[in-house]
Amino acid sequence: MAVNVEMPFHKARELMAPYRNAMPINQPLPEIDMMPPDAPNVLVDAVSLGGAAGQKPLVRHVLVKDLNKIGTRMKFEHPKTGVFSNKAPMGLYAIFDGQSCAGEPGPMAAEFCARNFHTKLLKRLAELSPEAADEANVQAALVRTFEDLDVELLTNQPEIMDGCGASVCLLIGQTVFTAVLGQCSAALCAAEGTANFAPVMLGGRQGVVEADILRIRFAGGVVYGDGKNVRIRHPSGQESSISRSLGDRIWKDPAASKSPLVVSIPEVHSVVLGSSDQNPFLILATSTVASTLNIKELVDIGGEYLRQPRAACGEIATRALVANAGSAQCTAVKVCFLPPKDDDHKRRAPGSSGPELRPQQPVKKAKVTNARGGTTQSIRLRHLFVKFADGLPKDGKKPLRSRQEAETILRRALLELKQEVKSLKKPPKDATEIVTATSKKFQELCRKSSECESAKKGGAMCGDLGWLTPEELAGMGGSFKEVMEVLMPGQFSDIAHSDQGLHLAQRVA
C-alpha cells in the first residue's frame, strides 16, 4: 500500500542534492583530444640512378612521411600505449630491390611489394593489443608483414616469377625499427662530437644465412662453398647466393622440394634514438650500393651532408654507380632526425650545416607578415639555381642537362662552401659571421653556375631572393618549402626542387 509523505519543497531539494550532482547529465563532459598525431620531425629523401633505359626499374623506394594519416584514411586504429603512447608520430621508409633475389633480377616483385607493404603493416600493427604495444611485438609484426606479403605474392600473383630483397625503416616516436632482407643494408649513425661518425649496423648483406643451411639441405637443396662464397643449388640446377627474399616462386615451389629453399624472414632490429646530435641520421641502401660501399663509407658520406638527405643520397648513388660501371640500379634513402620542433628556433643543433653558433640576436629583425591563421615570420635566402630537363624537349632541340647532372653541379658547390667554412682560421661565432665569411665564395659560385636573374646582382645581393613568407615558400612548388623552412640563419640547405628547377640556398636572416 503506497503512502504519500508530504514535506516542504526546500527539504526535498536538500535530500535530492547528492543524487542530482552525481547524475551524468550534470557532470562536465570529458575533454576529447581530436588533434591528429604529428608527422615525424625528419628530413627524408632518396636518389636512384642507373638501370636499363626504357625498362621498368628494378628498385622501388617508398617514403611514407606520415603513416598515422594513411592509417586513419584506411580506418586502422592502433594502440595508444607502449611505443605508440603520447600520439607517437609514425613514418615508413623502405627500399625493395629486385636485384637482390634468388633467380634472375626483375621488376615485378619489387613493384608489388612497394605498393602493398604499408597496408599489410598497418593491419598487423592494428592487431596489437594495448598490452602488447612494445618493441618485441612491433618487431614480430614486421616479420609477419613480410610473411603476409610473400604469401599474397605467391598465391594471388602467379604472373610474378622474380623476387626482391628489402630494407625497411619504421619510425614510431623515438624508436626506430628496421627489417632487412637479402643483400640490402641499413645503418644508423652514432655521432661522437660534431665530426666523428660511427656506423651502427642494423641488418643486411645477408647471403646464405648460416641458420638456413640445415633447413635447405633437408628440403632437398645443395649448399656448397664457404664464407661469403656459399651458394645454394636448386634441384633444377639453378644457383643462388641468398637464402632469403620476397617472391622467387621457383625457389619456394612445393613441387620441386620438400619445403621452400628460400624464405622471407627478415633480420629485425629496434633502437631507441638519442638526441638528434647523438643519432643524426639513418641510411637504407640497395644490394648494389651495399656491395661497393661499406657502412662506414655510407655514414661518412651522410656526415659530410649532415642534414642534406638529397645531396647525401645523390653522392652515395653516384659513387656506387661508377663502381658498378653503370650496369646496375643504385638507390639510397637517408632519414635525418631533427630536434624537437619546440626547440627548432631557439638554437641551432650542433653538427648541422656550418659551425655551431652561439646564442645571439638575429642578424636582422625577421619580418612579420599577416598570413592566414595569424602572423608568421618570413626568412631571407640567397640561392644558386640550376635548370634541368629529363627526356627530349618538345621542340627537338638539344636537351638541357639531366637532373643528375644538375644535382652534381649543386653538390660540388655545396662542398666548396663547406670547405670555405672549414678553412677559416677562426670559427664564426654567429650567423652574421658565417654569412659574411661565405659571401665571396657564394658570389663566385653564383655567377659561375646559377641561372637565376638574381645572379646578376652585385655584391652581397648576388643570388638574393629577399624575404619570403611561408606562403611564398610553398608557392615555389616541389620540396622548396619543406627544405627551406627548417634552416636557421647561416645554414646551407639541401638540394631542393621547385617548379622551375633545382636550388641550393643559404639562409642569411
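What is the mean pLDDT of the protein chain, and what share of its residues reach 70 or more? The model is predicted. Its protein chain has a mean pLDDT of 88, and 88% of the residues reach 70 or more. Strand S3 (residues 90-97) has the highest mean pLDDT, 98. Strand S15 (residues 368-371) has the lowest, 41.

One covers residues 343-366. For this stretch the model has 53 contacts beyond four places in sequence. The other covers residues 368-375. Here the model has 11 contacts beyond four places in sequence.

Five strands make up an open sheet. Their order is S1-S14-S13-S6-S7, and the pairing is antiparallel. Strand S1 (42-50) and strand S7 (197-204) are the edge strands, and each pairs on one side only. On average, neighbouring strands of this sheet are turned by 20 degrees against each other, direction ignored. Within the sheet, strand S6 (residues 185-191) pairs with strand S13 (residues 281-285). Four bridges link them in the antiparallel sense. Ala-186 has Leu-284 in S13 as its bridge partner. A helix also packs on this sheet: H8 (residues 309-323). Helix H8 touches S1, S13 and strand S14 (329-337). The direction of H8 makes about 25 degrees with that of S1.

A second open sheet has three strands. The order is S8-S9-S10, again with antiparallel pairing. Its edge strands are S8 (222-224) and S10 (239-240), each pairing on one side only. Strand S8 is joined to strand S9 (residues 231-233) by three bridges, and the two run antiparallel. Val-223 stands opposite Ile-232 in S9. In general, strands of a sheet pair through backbone hydrogen bonds, either parallel or antiparallel.

Is Lys-296 buried, exposed or partly exposed? Its relative accessible area is 39%, so Lys-296 counts as partly exposed. The side chains of Lys-296 and Asp-300 are joined by a polar contact of 2.8 Å. Leaving aside residues up to four places away in sequence, Lys-296 touches Phe-197 and Pro-199. Lys-296 and Phe-197 are 99 residues apart along the chain. Their C-alpha atoms are separated by 8.4 Å.

Note on methods: Residues numbered from 1 in each chain as written. Predicted model: local features only at pLDDT ≥ 70, side-chain atom pairs only at ≥ 80, totals over all residues. Heavy atoms only, no water. Pairing = 2+ DSSP bridges. Axes fitted to C-alpha atoms, helices over the stretch in contact; angles between N-to-C directions. Contact = heavy atoms within 4.5 Å. pLDDT = per-residue confidence, 0-100. Buried < 20%, exposed > 50% of the residue type's maximum accessible area, 1.4 Å probe, protein only. Polar contact = N/O pair within 3.5 Å; in protein donor to acceptor, adjacent residues only side chain to side chain.
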